[in-house]
Amino acid sequence: MKQRIRTLFAALGMAAALPGAVMAQEAATEAAPVAEAPAKAEPYPGLATFVDGMLATQLDTMEISAATISVVKDGELIFARAYGMQDIEADVPATAERSLFRIGSTSKLFTWTSVMQQVEAGKLDLDADVNTYLTGFQIPATFPEPITLRHILTHTAGFEDGALGFLIGYDTDKMLSLQDAMAKHIPMRVNKPGAYTSYSNYATALAGLIVQNVSGMPFNEYVQTHILDPLGMQNTTFEEPLPERLKDGRTVGYSREMGALKPERFELIAGFAPAGSVSSTATDMARFMMAHLQDGELDGARILKPETARQMHSVIFQGDKRLGGMAHGFYEEYVNGHRLIGHGGDTNQFHTNLLIDKDEQLGIFVSYATGSDTKGRNTFVETFYDRYYPVELAKITPPADFDERAARYAGSYKFWRHNASTIEKGISILMNDVEVAPTGEGTLFLAGLWGPQQYVEIDKNLFRQVDGQRRIAFIEDADGNVQDLYIDGLPFMSLSKAPAFESKLFKQLVPGFALILFLTVFTGWLYRRKEYKTMQPGERAAIRFSLAVAGANWLFVLGLVIVISIYKETLFEGIPFAFKANLVLPILATLLTIGVVYHAVQAWKQGYWRIGRRVHYTLVALASVYMVVFYYYWNILGFQYATN
């Protein structure tokens, strides 16, 4: 871009020259020819055409209202462009310089940079108990080992996950301060620190609070003063809602309702701001990338000492040494043999990615305004590297004896990023774990993540995708049994074999069968309702109990579907009364189950009905008991939800 500008000014200067000067120049040229400086080669030929074509396809085939992209190389911004509409209703096109996108968890890189600044200043120790830096509340000492900032930087603090009722809001009157939010929403500690990676928004926000405490400045003000202002990032902010000077740049998020795009309200991360509240432009994020690529310096401004920046970019946790790991907040992934570090980000309305390649002095930032499709964000960088840094995929032959050993890897693997103590645990019911199974042809079959894939063994407990570069590694427990799973590109999200009760059989198929069985209670009664008045009192009571328990279970399921479909993402802001009221039904179903079980016993003792109907009633009783256990296990039985 700079070369083109220089050429343009040179041409304008020549056109404006006086005729005499031109003649003199021509004479001088004839007398002593001067060789022209060679034009600077484009680092990525056809980049604009390539990106334009990719985005045209994505906007045409995906639910994307706007996208913004910047690419930096060797200390220069070489590409910045936006696509789609910043605001459809106001007919405002998106621009790379002015359109602010919500970058979600990519915001964490600013928080980690703030932490490392305070480490550099001697105010923070990465290995000190975080409680040292907290006032007004303390993280419970669930385990003998304290949580440190080193654990938080690597997502190994051991917290459960949580979001329902408090993480993302839309009402400024309900916004909590960073201090109050951290004190109120302390998650349960489910693993000792350093054991497993489990992505934690709470832990990151806690790190932001610690920066606030030791610096004596509100976190947003600290980032503005120590990172954004020095780097000249004038169109970037942690503030929510947007400050007046930036409101005109807001890119609107949309969702599709009744076939049309509906503008959504501005998302508020509020009390969890250090984990994801940044609004920024592609050109501003380019400056942040260049600063990190240049070890903390940009245009004479320094946000980190070189040694601190290099420390921040270095790996300090790996689930398996042969896979990418966690740096100090940045995470590693390898694409076509290149080491990249960065961070993705997601809100309900936006999906973002930022990755830098220090060896190539290359940085790529992308953000998409879309509520339904992450594919564009997920594939952009890989597509770029396939074009400009292609590699030939080596063919691998499976070991001859692998099928004899394959069974040890089979099972359902569950991400450690899940909830354990509140009703959010029940979200896992609808989520498919990563299923691993032998194919019988020397490979492993994986499902539940990125679609069905096959992997071939390349080293002990290490596998590579048959038709791709992704690697996975299995970890053995103390007894030599395969227990854990790490996936390249996801070093912050480890998995372990799920308990048997959390397999698809017990969390989806059996409950589904129970609900079908409950439907037969209604159809059976409709078919035999004329016989009802002639039955003995005990028989009529048994039927009433079975109808009631079936109704309670079905009303709960239908009620939950209706509540979720109505309130949608606002459930992350608060728990509505309808949601709370619906939780009465599992309690009622539990009480009614006692009566069903009693009458199932009586049916056999008293000889109610024919044997087929007795068997059916007994199955209904067993299904009722199973659902009680099911509700209890998944924290649905009761009112175990987070409150504001």
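Contact here means that heavy atoms lie within 4.5 Å of each other. All views show a predicted model.

**View 1. Surroundings of Phe110 in the largest nonpolar core.** Beyond its neighbours within four places in sequence, Phe110 is in contact with Ile103, Val223, Ile227, Leu228, Met233, Phe238, Val278, Met285 and Phe288. The core to which Phe110 belongs has 70 residues, and Phe110, Ile152, Met182 and Leu206 are the members that touch the most others. Two or more residues of this core come from each of the elements α4 (108-120), α5 (149-153), α6 (178-184), α7 (201-215), α8 (219-228), α9 (282-293), α10 (306-312) and β12 (350-357). In soluble globular proteins, nonpolar side chains tend to be buried together.

**View 2. A separate core of 30 residues.** Another core lies apart from the one that contains Phe110. Its residues include Met326, Tyr331, Trp416 and Leu462.

**View 3. Glu435 in strand β15.** Strand β15 spans residues 434-438 and includes Glu435. Glu435 has a relative accessible area of 30% and is therefore partly exposed. When residues up to four places away in sequence are not counted, Glu435 touches Gly411, Ser412, Phe445, Leu446 and Ala447. Leu449 is 14 residues from Glu435 along the chain, and the C-alpha atoms of the two are separated by 8.8 Å.

**View 4. A nonpolar patch on the surface.** The patch is formed by Val584, Ile587, Leu591, Ile594 and Phe639, which together have about 470 Å² of accessible area. One of these residues, Leu591, lies in helix α16, residues 584-606. Leu591 has a relative accessible area of 55% and is therefore exposed.

Definitions and conventions
Residues numbered from 1 in each chain as written. Predicted model: local features only at pLDDT ≥ 70, side-chain atom pairs only at ≥ 80, totals over all residues. Heavy atoms only, no water. Patch = residues over 30% accessible without salt bridge, like charges linked within 9 Å, V, L, I, M, F, W, Y side chains within 5 Å. Areas by Shrake-Rupley, 256 points an atom, 1.4 Å probe, with all protein chains shown as cover. Salt bridge = Lys/Arg side-chain N within 4 Å of Asp/Glu carboxyl O. Helix = DSSP H or I, 4+ residues; strand = E, 2+ residues; numbered from the N terminus. Buried < 20%, exposed > 50% of the residue type's maximum accessible area, 1.4 Å probe, protein only. Core = buried A, V, L, I, M, F, W, Y, C linked by side-chain atoms within 4.5 Å.
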